[in-house]
Amino acid sequence: MYKAPVEEIAFTLKYVAGMDRAMEEGILGDLSADVLDAILSEAGRFAGDEMEPLAENGDRQGAKLVDGKVVLPDGWEKLYRDWIAGGWNGLTAPEEFGGQGLPHMLNIATLEMWNSASMAFGLAPTLTMGAVEALNAHGSDDLKKKYLAKLISGEWSGTMNLTEPHAGSDVGALRTRAERRDDGTYRLFGQKIFITWGDHEAAENIIHLVLARLPDAPAGTRGISLFLVPKFLVNDDGSLGARNDYFAHSLEHKLGIHGSPTCTMICGDGKHGTEKGAIAWLVGEENKGLACMFTMMNNARLAVGIQGVAIAEAATQKAIAYARERTQGRAPGTTAAGMSPIIEHPDVARTLLTMKALTQGSRAICYACAEAIDMSHRDAQKAKYWQERAALLTPIAKSFSTDAGVDVASLGIQVHGGMGFIEETGAARLLRDARIAPIYEGTNGIQAIDLVTRKLIIANGDHVRGFIAELREIADAVAKSNLDGFGETAPRLQAAIADLEKTSEWLLAKQAEGAVAEALAGATPYQRLFGLVLTSSYLAKGGLANAGDGEGGKRIALCRFAAENLLAETAALSDRVTSGASSLEAARVALA
Ligand SMILES: Cc1cc2nc3c(=O)[nH]c(=O)nc-3n(C[C@H](O)[C@H](O)[C@H](O)COP(=O)(O)OP(=O)(O)OC[C@H]3O[C@@H](n4cnc5c(N)ncnc54)[C@H](O)[C@@H]3O)c2cc1C
């Protein structure tokens, strides 16, 4: 049974992601620590008491297409309505349209809880929030007036429609066709695949944001436009009109997230008795659709990163609970009679601590990324610094956390032994659900390319250099703290930061000399190296903050464990980046 780690979440927000300081300085409006704690604790209650109990059923039943309608698992429609009634959908949305205008950090923290309780369910608001953001940033005043308030309340849900059979990572290859009409609207014809929560009956209407190409558009990514396509047309008085020609043709059978309807959407096939072609409104300018999508990319990628954290948290809780109960063998040095709880075996404890360190580390990275996004909007004096930080942290938050989600869920199964492989413990579902997160919203391989070719080179590498200097300050503070509990943390962290620095400079130099393929061969190990250094740095920051909540000793002990058990990997990763490329090229023959 998942119990939201409300105190740990609040601690990480306040002392690792800087929310405490931001609240003190008034950067977060009138948000106070008390209000923050109250919101987190109510979210935790809802996630644990109301959402999680329906997760297993959601997995077993899955979403189904019945007589042209998408049927959600039992109880999910009511769950959705109860959830929106709590106002959760509009936490960060603009107040002008009924949102609460709260910081993104808070939303990411609550998203973690929804996704821990049920990732398949958590996807619904994730997509709606993405649609709200895109529409708010790029929609005309008329579109905003007509659609935003209902999307923000959650009465209507939203979707993002990019992928087509021939256009996945390469969105520029998409073929969905848009035609202009004299009345200023457009008609869309084509097919989208893998559309999350593409159709369902829980919301009264669904607002699809769809990428399509006009007949005279330039080729590739510069010829893509963004359109708004409502499931039901909306009359001027806000009431719902005719059904639009955008239908779920089929639902995918998937490895996980069974409760989330993943739809193939078709428009313009004339099979549903509607006017042919989906009636659509342009969002932003013609041929600027991808740029519109990019403005919300940081948030959307972070929202997927937090899914990794969420799964890792749920898997860790489950594994620790099982390891306390399950008895097998006798742990070394035990004096008690009978078999020992498996948590007492050093190998199991190491596994559990690795899970915990990766969970807390990736949480800290995601929250720090959310902090940077918030500050880039709220801290005018340092806006550029925060924009660069958000840009840099986004691919790491997305990829490191979703990889951690998969790794931790897999370790969780291992801790359960054979029972982990049996569905009834729920450990298997977590791994099945986790596996999509490194794939969608830009695969982790694409994130690594983004990190190396776009983010590392920000300000000619100076932003990363400045960040590395900040991380060194944390390591130095650990050294100066003279706290025995940190053990070898300071020298280990300093060595890992040196690995990061050396590898970053190597990648910058390779790109400067035009050896891009060489740099890209090491992109994924570099991404992990960065994530591991951040994990240890942020665990140390948390340990140093010791908020007097009685958990300080535990935090320092976990930080030491991570530094002395996980950080040695950075030297190997650095070696893979700087020495691996030529053997990779040479070994292509082995793939022939
Ligand atoms: C359950 C589910 C839900 C989804 N929800 C949505 C949604 O709501 N809306 C939506 O639009 N899409 C959605 N998607 C689609 C998802 O975003 C894509 O699957 C993803 O972007 C990868 O595209 P692809 O599947 O075509 O893989 P490909 O692009 O074919 O990639 C295959 C492999 O090649 C690698 N690769 C591809 N190009 C490059 C390159 N240039 N350099 C290096 N490596 C490369 C990738 O990293 C990957 O490992 C969903 C998918 C699934 C399975």
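In α17, the buried residues (20 or more other C-beta atoms within 10 Å of their own, C-beta atoms being placed from the backbone) are T489, A490, R492, L493, A496, I497, D499, L500, T503, S504, L507 and K510. The structure is a predicted model, in which local features need pLDDT of at least 70 and side-chain atom pairs count only at pLDDT 80 or more, while totals for chains, interfaces and linings use all residues. Residues are numbered from 1 along each chain as its sequence is written. Helices (H or I, at least four residues) and strands (E, at least two) are DSSP runs, numbered from the N terminus.

Helix α17 covers residues 489-512, and its 24 residues reach 34 Å from first C-alpha to last, close to the 34 Å expected at 1.5 Å a residue (1.5 Å times one less than the number of residues). Its buried residues pack against α15, α16, α18, α19, α20 and α21, with contact taken as C-beta atoms within 7 Å. After α17 comes G514, with a positive phi near 85°.

Turning to the ligand, 18 residues lie around it, of which L162, G168, S169, T196 and G445 come nearest (C-beta atom within 6 Å). Strands β3 and β5 and helix α15 each give two or more residues to this shell. The shell divides into nine nonpolar, eight polar and one charged residue, where Ala, Val, Leu, Ile, Met, Phe, Trp, Tyr, Cys and Pro count as nonpolar, Asp, Glu, Lys and Arg as charged, and the others, Gly among them, as polar.

Finally, I439 sits in the loop between α14 and α15. I439 counts as partly exposed because it has 16 C-beta neighbours inside 10 Å, partly exposed being the range between buried and exposed (12 or fewer).

How values were computed. Contact = placed C-beta atoms within 7 Å.
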